[in-house]
Every structure is written in C-alpha cells, then in structure tokens.
Amino acid sequence: MPEGQIVRALSGFFYVRTPHRDIRCRARGVFKKKKWSPLVGDWVTYEETDATEGWVTHLHPRKTELVRPPIANVDQAVVIGSFLEPKVQSELLDRFLVHAERAGLETVICLTKSDLLPDSSEEKALREIYEAADYPVLITSVHTGEGIEELKRALKNRLSVFAGQSGVGKSSLLNAILPSARLQTGEVSRKLGRGRHTTRHVEILDLPGGGQVADTPGFSQLSFGKMEATELGRCFPELAERASDCKFRGCLHKNEPGCAVREALTTGEISGTRYRHYLQFLEEINEQRRY
Ligand SMILES: Nc1nc2c(ncn2[C@@H]2O[C@H](COP(=O)(O)OP(=O)(O)OP(=O)(O)O)[C@@H](O)[C@H]2O)c(=O)[nH]1
Ligand SMILES: [Mg+2]
Ligand SMILES: [Zn+2]
C-alpha cells in the first residue's frame, strides 16, 4: 500500500502528499479506539478509495513530536519573535526553547520586523542573550529583505517549523521565501497590540531546492505539562553544559553550594534573564506537581 506524509489536517481530514497530488484521507476508526491521532508531519500508509480520497491505515514511528504547535518529524524549530508589534516576550521565547530542546530539535531564533527598530540597541541586547546560550540568531525584515537569504539557507534540506506568537510575521516570512505560497497575513491590532490569529492550521510547504517548512497558528501560552524539575536544566543548553561541574549531582542550580551555574551567572557568562526564566519555570513545574 502507498505511503506519504500528512501535510495538512483540516476538519477531520488528513491531506497526504504524493508526488502527483495530495490525497484527502480520513483515519480508520482504530486510531480513535487506540487514542492515536495522526499529526501533520506524520508518515503514513494509506489506502486510496479513488484518485483523490482515501483512508489512513497505519502511522509510522515518529522521529520527533511537538504538542504545540502539533507536528511530527520536524528537525528544526524556528522560534520567532518580533522586535515590535507585538514586542517580543523573551519569556515566551524561552518557554518554546525548552519545548524544542525537550523534543530534541535543532533551534534557530528569528527576530522579525527589524525595519521598525529606531536603533540597534534592542537587537544587540537580545542577540547577546541568545548567542550566549549558543542559539543562532537571525534578524529579518520582509520590508528591507534583511536576513531572508540567511533564513532560506537555514531551512535547506530539513523539515522546520515556524513557531511564535500571533502577528510576529510567520506567514509573511514564508511568503517572502516562497511567493507562490500566498499565505494569508493579518494586521496586528493597534489597540490590543497583538495579532489576530490569522493562520488557523498547521501546513507543510515544500521549498524549491529542498527542504520543507510548516506554518502554524500563533500561540501565547505554553505550559510544561508533565516535565520533571530535573529535566528543566537539561533544556537550557548553557545550564546543561555546566551542570557536570556542579558539586552535587542533580543540582537544580537554585542555592546549592558549589553550583557551577550560579558561578557562571556571577561572571556574566550566563544571562540573568535566561536564569530568571529558568527559576520561574522550575517554580511552575513544582507548583503543578503539588496537584
Ligand atoms: N514592519 C513589518 N511588518 C511586518 C513584517 N513581517 C510581517 N509584518 C506584518 O505583521 C503583521 C502580521 O503578520 P503575519 O505574517 O500575519 O503574522 P503571523 O505570525 O503569521 O500571525 P498568525 O498567523 O496570526 O499567527 C502583518 O500586518 C504583516 O504585514 C516585517 O518584517 N516588518
Ligand atoms: Mg500566520
Ligand atoms: Zn548547579
């Protein structure tokens, strides 16, 4: 039976990409019974009922999996924030970075709308924070074209997912990279200072010259579900890197003696903002465990 990748999911249908066309499939009842739900990005076996429709009969094992945005098998997350309109929330970026690390993804940070910045101080500050954590940082503008070629290169030959708040310009960036995509974009509300949730579903697009990107709906909240406190430090690369030098194994880098992370904090090698978010997320995870 033929195989293909789900590139879009809409109203109970899964669109499976084949070399010639996308086949609109439903999932067999057995999936519901087993509480499996196919995700965009899943490789599946399907059965054609006619030239354009069919059934998904089998889900192949996933290489990676993200819950938010819901997508399987991505190699790389492009975590997107805009300098202005809406102003980037580094806490939300850090939340997403934790999830991307936990899912084992490569990560690139993309800061958009550089054309709206009056000077480069904000750019410099954010760059410093994230480069100290070893994340590549791309600065883009669809108006001036800044960073677009660099982004194209970063997307080559892998499946990437765009993730970020509504209105940061995910769909606009994709349109700049792939004009034939003609994705709908939406004005950011001046009054509320946020996006209007223009993109409503996850969709994988094929890039010319190799590679795929998924556009996704914006989100503004992200919790840590069933994460353990000890896992969190492993999801901050700059903390994880130093944890082996902490005096105690399982050090949570709070106020344990001989903590290498706190040492690196005093010398400025670790960003205070990132560390503050780490402590805040740790608290949140401990709160959740109490219920
Ligand atoms: N000045 C400026 N505006 C931009 C840029 N990129 C996007 N925008 C504007 O930002 C608004 C939101 O863009 P979208 O591409 O719809 O944002 P999105 O992230 O896809 O939003 P959702 O689909 O709601 O999650 C639109 O009005 C765009 O024109 C940019 O580089 N500079
Ligand atoms: Mg969009
Ligand atoms: Zn420590």
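A: **The ligand site**

Start with Gly 167: one of its backbone N or O atoms lies 2.9 Å from an oxygen atom of ligand 1. This pair is a polar contact (two N or O atoms within 3.5 Å). Val 142 comes next, with a polar backbone atom 2.8 Å from an oxygen atom of ligand 1. His 197 also takes part, as a polar backbone atom there is 3.3 Å from an oxygen of ligand 1. On its own, ligand 1 has 660 Å² of accessible area, and the protein covers 90% of that (Shrake-Rupley method, 1.4 Å probe).

The model is predicted: local features need pLDDT of at least 70, side-chain atom pairs need 80 or more, and totals for chains, interfaces and linings use all residues. Residues count from 1 along each chain as written, chains are lettered from A and ligands numbered from 1 in written order, and side-chain values use heavy atoms, without hydrogens or water.

Now widen the view. Ligand 1 is surrounded by 23 residues (a heavy atom within 4 Å). The closest are Asp 115, Ser 166, Lys 170, Ser 172 and Thr 199. By class, this shell holds 14 polar, five nonpolar and four charged residues. Gly counts as polar here; Asp, Glu, Lys and Arg are charged; Ala, Val, Leu, Ile, Met, Phe, Trp, Tyr, Cys and Pro are nonpolar.

What space does ligand 1 take? The space is the largest pocket (over half of the ligand's atoms within 2 Å of its grid points). A pocket is an open set of 1 Å grid points, over the protein atoms alone, with protein on both sides within 12 Å along at least five of seven lines. The largest pocket contains about 620 Å³, counted as probe spheres on joined points. Its lining has 31 residues. Nearest the centre of the largest pocket are Lys 113, Gly 167, Gly 169, Ser 172 and Gly 186. Helix α5, residues 170-177, gives the most to the pocket lining, with four residues. The lining of the largest pocket counts 18 polar, seven charged and six nonpolar residues.

One cavity reaches 30 Å³ or more (a 1.4 Å probe fits but cannot get out; lining atoms lie within 4 Å). About 90 Å³ lies inside the largest cavity. Its lining has 14 residues, with Ile 80, Leu 92, Leu 93, Gly 164 and Gln 165 nearest the centre. Strand β8 (76-82) gives the largest share, four residues. Helix α2 (90-102) and strand β11 (159-164) each supply at least two. These elements are DSSP runs: helices of at least four residues, strands of at least two. The cavity lining has nine nonpolar, five polar and no charged residues.

Last, some backbone details. Most peptide bonds are trans, and most residues other than glycine have a negative phi. A cis bond joins Glu 85 and Pro 86, with omega about -5°. Pro 86 lies in the loop between β8 and α2. Another cis bond joins Arg 68 and Pro 69, with omega about -10°. Asp 134 is not a glycine, yet has a positive phi of about 75°.

Note on methods: Polar contact = N/O pair within 3.5 Å; in protein donor to acceptor, adjacent residues only side chain to side chain.
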